[in-house]
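This report considers selected side-chain and packing features of one protein model. The structure is shown first, and the discussion follows it.

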Amino acid sequence: MPSPKPFNPRAPRWQRAFPAAQRGAYLALQRDLEKTAVEISFLTPALSNAVTTVEHLEGVIFEGLTEGMRKIIPAGRLDAIRDEVYDRMRQRHAQLMRRLAARQVHVRVLFLKDHLARDLRAAPELALPRYRQLLKLAEEGVLSFRLIPRLNASLLEKAGGSFALIYNLRRGSAEADVAVASAAQATSPRLTGRQLVAQNTPEALSRVAQFERYWNAALGAAASRALVETEVERSASRSRR
């Protein structure tokens with residue numbers, strides 16, 4: 001029986017799966033793909049953890065990551081693995097913010113309408129700057145976002161869960177490479193699910209179609225923006241009382 005071919009991210013088509021304890025390696029590969037991407041599309045239950053603020057990373061995300069990993073990682077390895085994962089998340093976030101500021105990438109964001117008010121109620125002091133940043137990036141034209149009504153996290157998980165689509169130019173080709181990075185959000189209680197990165201495979205292409213179907217059925221850009229603005233103002237009003 002021939003030996004399996006070694007993983008080669010420079011090949012036109014490949015995929016690699018990661019166990020839960022290798023979340024850091026999964027995120028490092030995703031970070032490297034996003035480094036040169038011309039477009040990244042996120043489909044997640046809550047607003048993507050890549051589109052956040054440093055304060056939100058240090059607060060809500062770090063705490064949620066700790067709780068989620070405590071259920072699946074032995075106590076003796078928890079701190080080291082969690083810290084590696086958190087470091088990779090910070091790297092991805094900083095890289096994405098730099099590239100957005102330089103207008104080197106366009107980002108599309110899809111998330112569930114139900115999570116908007118929930119996030120703003122749970123930790124308004126951290127969530128408010130995050131959603132204001134989302135509105136600012138959309139106003140600058142480097143990011144587009146839409147909210148999905150009539151869907152909850154459980155149904156989204158059954159339909160394939162959360163993922164990012166990462167588009168990179170391929171020299172000499174009229175088509176871009178597309179990679180899918182598929183895993184539960186780091187703050188999700190379902191961190192035991194599979195973690196997969198695949199480029200130009202049937203699964204990657206099927207995720208492109210899935211994203212586009214959700215995108216076109218979601219609330220439009222104007223309606224999504226108006227809803228976020230309303231919820232942000234409502235949350236800010238509660239905070240001032």
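Lys-136 is partly exposed in this predicted model, its relative accessible area being 49%. Its side chain forms a salt bridge with that of Glu-140, with a distance of 2.5 Å from N to O. Glu-140 is likewise partly exposed, at 32% relative accessible area. Both residues belong to helix H5 (residues 124-140), where they are four residues apart, about one turn of the helix.

The salt bridge between Glu-212 and Arg-108 has an N to O distance of 2.4 Å. Glu-212 belongs to helix H7 (residues 202-217) and Arg-108 to strand S3 (residues 106-112), so this pair ties together parts that lie 104 residues apart in sequence. Arg-108 is buried because its relative accessibility of 12% falls under the 20% limit, whereas Glu-212, at 25%, is partly exposed. Glu-39 joins Arg-108 and Glu-212 in one network of salt bridges that share partners. In total, the model contains 15 salt bridges.

The three pairs described above are set out below.

| Pair | N to O distance |
|---|---|
| Glu-212 and Arg-108 | 2.4 Å |
| Glu-140 and Lys-136 | 2.5 Å |

Leaving aside residues up to four places away in sequence, Leu-143 touches Val-51, His-106, Val-107, Val-109, Leu-134, Leu-137 and Ala-138.

Two packed helices are described by the angle between their axes and the distance between the axes. For H2 and H3 the angle is about 145° and the axes are 10 Å apart. Their crossing is right-handed. On the H2 side the contact includes Leu-57, Ile-61, Leu-65 and Arg-70, and on the H3 side it includes Ile-81, Val-85, Met-89 and His-93. By residue class, the contact of H2 with H3 divides into eleven nonpolar, two polar and five charged residues.

Backbone geometry remains to be considered. Most residues other than glycine have a negative phi. Arg-103, although not a glycine, has a positive phi of about 55°. Arg-103 is placed in the loop between H3 and S3 and is exposed, with a relative accessible area of 56%. Arg-150 also has a positive phi without being a glycine, at about 60°. The loop between strand S4 (143-148) and helix H6 (153-158) holds Arg-150, and this residue counts as exposed at 75% relative accessibility.

Key. Residues numbered from 1 in each chain as written. Predicted model: local features only at pLDDT ≥ 70, side-chain atom pairs only at ≥ 80, totals over all residues. Heavy atoms only, no water. Salt bridge = Lys/Arg side-chain N within 4 Å of Asp/Glu carboxyl O. Helix = DSSP H or I, 4+ residues; strand = E, 2+ residues; numbered from the N terminus. Buried < 20%, exposed > 50% of the residue type's maximum accessible area, 1.4 Å probe, protein only. Contact = heavy atoms within 4.5 Å. Axes fitted to C-alpha atoms, helices over the stretch in contact; angles between N-to-C directions. Left-handed = near helix turned anticlockwise from the far one by under 90°. Nonpolar A, V, L, I, M, F, W, Y, C, P; charged D, E, K, R; others polar.
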